[in-house]
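Please keep the sequence and the coordinates at hand while reading.

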Amino acid sequence: MVYGEQGKPALAEHPGVHFNISHADGISAVVVSENECGIDCEPVRRHNPRVAERVCSESEQAMLKAASESERDLLFFRLWTLKEAYVKALGKGLSFPMREAEFAFDDDRIKTEISGCMFSQYIIDNELVAAVCVFLKTEELNRLCYINAPENKLIKKKYTNSLA
């Protein structure tokens, strides 16, 4: 095992295999790909508006303010997990200016100006969120994504950006 400048692990003997893992209370996830990739998972909980101000762009903050109070926490963690998956794929860690990674949603589509990446997101019983980012450096996207949540939890929705 080797580690990048910001601590991202890699397999020294297999430089063409990329992976990332994430775990939080009640959920764990892994992605493996031939391209750089990142994954994040979080339980939906009360978000901190001050954190949202630090990590969300102005349009994302407006989206959060426009959302109903019952939808706001899920929306924040949808944004957070997408940003975190992207930053982890970059191998930058939280030193990356997260406001620059901007996302919006249109029905089942993730909208972003970030090019060269495929994003997927999974909402599990509106209580858990997982997001995956894979850089598109090869013509075909080969990846394996595994999300482990409690047995009684079901993935209710899957969202992707237009590249998927």
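## Aromatic pairs

In this predicted model, the count of aromatic pairs comes to 6. One of them joins Tyr86 and Phe96 in an edge-to-face arrangement, with 5.8 Å from centre to centre and 85° between the planes. The pair links distant parts of the chain, since Tyr86 belongs to helix 3 while Phe96 lies in the loop between helix 3 and strand 6, 10 residues apart. Both Tyr86 and Phe96 are buried.

A further pair is made by Phe103 and Phe119, whose ring centres are 5.0 Å apart and whose planes stand at 80°, above the 60 degrees required, so this pair too counts as edge-to-face. Because Phe103 is in strand 6 and Phe119 in strand 8, the pair ties together parts separated by 16 residues in sequence. Phe103 and Phe119 are both buried. Through ring pairs, Tyr86, Phe96, Phe103, Phe119 and Phe135 are linked into a cluster. A ring also takes part in a contact with a charge: the charged end of Arg78 sits over the ring of Phe105, 3.7 Å from its centre.

## Nonpolar cores

The largest nonpolar core comprises 31 residues, and those with the most contacts inside it are Phe76, Tyr86, Phe103, Phe119 and Cys133. At least two residues of this core come from each of helix 1 (49–55), helix 3 (69–90), strand 6 (103–106), strand 8 (117–124) and strand 9 (128–135). Helix 3 gives the most, with 11 residues.

Leaving aside residues up to four places away in sequence, Tyr86 touches Phe96, Ala101, Ile114, Cys117, Phe119, Cys133 and Phe135. A second, separate core has 13 residues, among them Cys37, Tyr122, Ala130 and Val132.

## Helix 3

Just after helix 3, Gly91 takes a positive phi of about 80°.

## The loop at Asn48

Asn48 is placed in the loop between strand 5 (37–43) and helix 1. With a relative accessible area of 33%, which falls between the limits of 20% and 50%, Asn48 is partly exposed. The C-alpha atoms of Asn48 and Phe76 are separated by 9.2 Å, although the two residues are 28 residues apart along the chain.

Note on methods
Residues are numbered from 1 along each chain as its sequence is written. This is a predicted model: local features need pLDDT of at least 70, side-chain atom pairs count only at pLDDT 80 or more; totals for chains, interfaces and linings use all residues. Side-chain values use heavy atoms; hydrogens and water are left out. A nonpolar core is a set of buried Ala, Val, Leu, Ile, Met, Phe, Trp, Tyr and Cys residues joined through side-chain atoms within 4.5 Å. Buried means under 20% relative accessible area, exposed over 50%, partly exposed in between (1.4 Å probe, protein chains only). Helices (H or I, at least four residues) and strands (E, at least two) are DSSP runs, numbered from the N terminus. Contact means heavy atoms within 4.5 Å. Rings of Phe, Tyr and Trp (its six-membered ring) pair if their centres lie within 6.5 Å; planes under 30 degrees apart count as stacked, over 60 as edge-to-face and the rest as tilted. A charge sits over a ring if NZ of Lys or CZ of Arg is within 6 Å of the ring centre and within 35 degrees of the ring normal.
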